[in-house]
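Dear colleague,

Here is the structure I promised to pass on. My notes follow below it.

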Amino acid sequence: MSTPHVVVVMGVAGTGKTTIGPLLAAALGVPYAEGDDFHPAANIAKMSAGTPLDDADRWPWLDAIGQWAHGRAGLGGVVSSSALKRAYRDRLRSEAPRAVFLHLSGDRSLIEERMAGRKGHFMPTALLDSQFATLQPLEADEAGVAVDVSGTPEEITQRAVAALRRLDS
């Protein structure tokens, strides 16, 4: 990409944000930040108990991610964040106006299967329905691309890099 963007890797739980994010960052030669690391302890406890977060829970988390992205403006970076609603992406853009979104999307059954195979993650598969119900895909006026999550992580990353390059040109 000719401009060092900050790319927000978004999507419902289980789409591979934590897997694809570092691979994408390596391919672009920029640092990666794990969005889950920005959650306050209370959010992690709530999700671990199977309770979906509400917007009041998400605002401080989104602000922290947005501040990281703002600090990487002009330098580039990749950060993961579910960013399921337009309002959440708007909140991130309020801190980092030039952020670009990479929406990892895919078939619900594939995503559920992948979630079931994860070890040591706090997000239970029971919350997947609430994630899909909340999801508002990128709109035409939002800087970003959607990439299907079928295939290997390397294939997904290659598609992501290609889509981001097309967006940049």
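Is Leu53 buried or exposed? Leu53 is buried, with a relative accessible area of 9% (buried is under 20%, exposed over 50%, partly exposed in between, with a 1.4 Å probe and protein chains only).

Before the rest, the ground rules. This is a predicted model, in which local features need pLDDT of at least 70 and side-chain atom pairs count only at pLDDT 80 or more, while totals for chains, interfaces and linings use all residues. Residues are numbered from 1 along each chain as its sequence is written, and side-chain values use heavy atoms, with hydrogens and water left out.

**Leu53**

Leu53 sits in the loop between helix 2 (41–48) and helix 3. Helices are DSSP runs of H or I with at least four residues, strands are runs of E with at least two, and both are numbered from the N terminus. Leaving aside residues up to four places away in sequence, Leu53 touches His39, Asn43, Lys46, Met47 and Arg58 (contact means heavy atoms within 4.5 Å). Leu127 is 74 residues from Leu53 in sequence, yet their C-alpha atoms are 9.9 Å apart.

**Helix 3 against helix 4**

Helix 3 (residues 55–71) packs with helix 4 (residues 86–95) at an angle of about 35°. Their axes are 8 Å apart. Axes are lines fitted to C-alpha atoms, for helices over the stretch in contact, and angles run from 0 to 180 degrees between N-to-C directions. The crossing is right-handed: the near helix is turned clockwise from the far one by less than a right angle. Helix 3 contributes Asp55, Arg58, Trp59, Leu62, Asp63, Ile65, Gly66, Gln67 and His70 to the contact. Helix 4 contributes Ala87, Tyr88, Arg91, Leu92 and Glu95. By type, the contact residues are six nonpolar, three polar and five charged. Here Ala, Val, Leu, Ile, Met, Phe, Trp, Tyr, Cys and Pro count as nonpolar, Asp, Glu, Lys and Arg as charged, and the others, Gly among them, as polar.

A search of the whole structure finds one aromatic pair. The ring centres of Trp59 and Tyr88 are 5.7 Å apart with planes at 80°, so the pair is edge-to-face. The cut-offs, for rings of Phe, Tyr and Trp (its six-membered ring): centres within 6.5 Å, with planes under 30 degrees apart stacked, over 60 edge-to-face and the rest tilted. Trp59 is in helix 3 and Tyr88 in helix 4, so the pair ties together parts 29 residues apart in sequence. Trp59 is partly exposed at 24% relative accessibility. Tyr88 is buried at 1%.

**Salt bridges**

Side chains of opposite charge can pair when their charged atoms come close. The structure holds 14 salt bridges (a side-chain nitrogen of Lys or Arg within 4 Å of a carboxyl oxygen of Asp or Glu). One of them joins Asp55 and Arg58, with the closest N and O atoms 3.7 Å apart. Both lie in helix 3, three residues apart, about one turn of the helix. Asp55 is partly exposed at 27%; Arg58 is buried at 9%.

Glu142 pairs with Arg86 at 3.8 Å between the closest N and O atoms. This links distant parts of the chain: Glu142 is in the loop between helix 6 (128–134) and strand 5 (144–148), Arg86 in helix 4, 56 residues apart. Glu142 also bridges to Arg93, at 3.0 Å. That pair is 49 residues apart, with Arg93 again in helix 4. Glu142 is buried at 6%, and Arg93 is buried at 16%. Salt bridges that share partners join Arg86, Arg89, Asp90, Arg93, Glu139, Asp141 and Glu142 into one network.

Best wishes
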